[in-house]
Amino acid sequence: MSESAARPLRADAERSVRAILQAAERVLSADPGASMEQIASAAGVARTTINRRFAHRRALVEALASSAARQLAQAVDDGRPDTAPPLVALHQITANVLEVKSAWGFALAQPAAPGSEAAALHQDISRRCIAVLERARANKLIDEAADLQWVQRVYYALLGESLQSGSEQTDTDTDTAAARIIDTLLHGAGPRT
């Protein structure tokens, strides 16, 4: 466990870590091979500051992945998956997730190390996704015979495609994109009857 995960940080140290992680996301998104010096420069800190918090590059990337996964889990929580009506929850979670994924694309694309905080968070997010889909099925938004594991995979693919095409289309806000994703997930591309 890293020093920063073992005990709470002072406010200035927490700001420094946050600046490092934000800079790492920006720099590594543009150049995955960027050096620690480049990240330090972008964060406005000395290389020794990064070394004090992260023993090596892999530790920095793991911290970045954990931070992004925590934000993704919070995005799901903020959508009230257990209490909001299922359609409302699906829409809000989708909009929230699109915002987090667009801001933390590099970090969220990194494979989570087995047993890591990020891996545990992603497993919990997946479980909660299935629970929302079960609520949607109970409310007859999804066919009762639908394989929810497949529906989840399709949902994730729609999120990914929206993010991929989002970089080409700057006129679509997250609410509009979320509405398109949910509409496509629940109704497909066939004619309305």
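**Entry 1: Arginine 70**

I looked up arginine 70 and noted that this residue is partly exposed, with a relative accessible area of 39% (buried means under 20% relative accessible area, exposed over 50%, and partly exposed in between, using a 1.4 Å probe and protein chains only). I was working with a predicted model, in which local features need pLDDT of at least 70, side-chain atom pairs count only at pLDDT 80 or more, and totals for chains, interfaces and linings use all residues. Residues are numbered from 1 along each chain as its sequence is written, and side-chain values use heavy atoms, with hydrogens and water left out.

I placed arginine 70 in helix α5, residues 57-78 (helices are DSSP runs of H or I with at least four residues, strands are runs of E with at least two, and both are numbered from the N terminus). Leaving aside neighbours within four places in sequence, I found arginine 70 in contact with Glu117 and Leu121 (contact means heavy atoms within 4.5 Å). I also checked isoleucine 182, which is 112 residues from arginine 70 along the chain; their C-alpha atoms are separated by 23 Å.

**Entry 2: Serine 16**

I then turned to serine 16, which lies in helix α2, residues 11-30. Serine 16 is buried, with a relative accessible area of 16%. Beyond its neighbours within four places in sequence, serine 16 is in contact with Val45 and Thr49.

**Entry 3: Valine 45**

With neighbours within four places in sequence left aside, valine 45 is in contact with Ser16, Ile20, Ala40 and Ile50. The C-alpha atoms of valine 45 and alanine 19 are separated by 8.6 Å, and the two residues are 26 residues apart along the chain.
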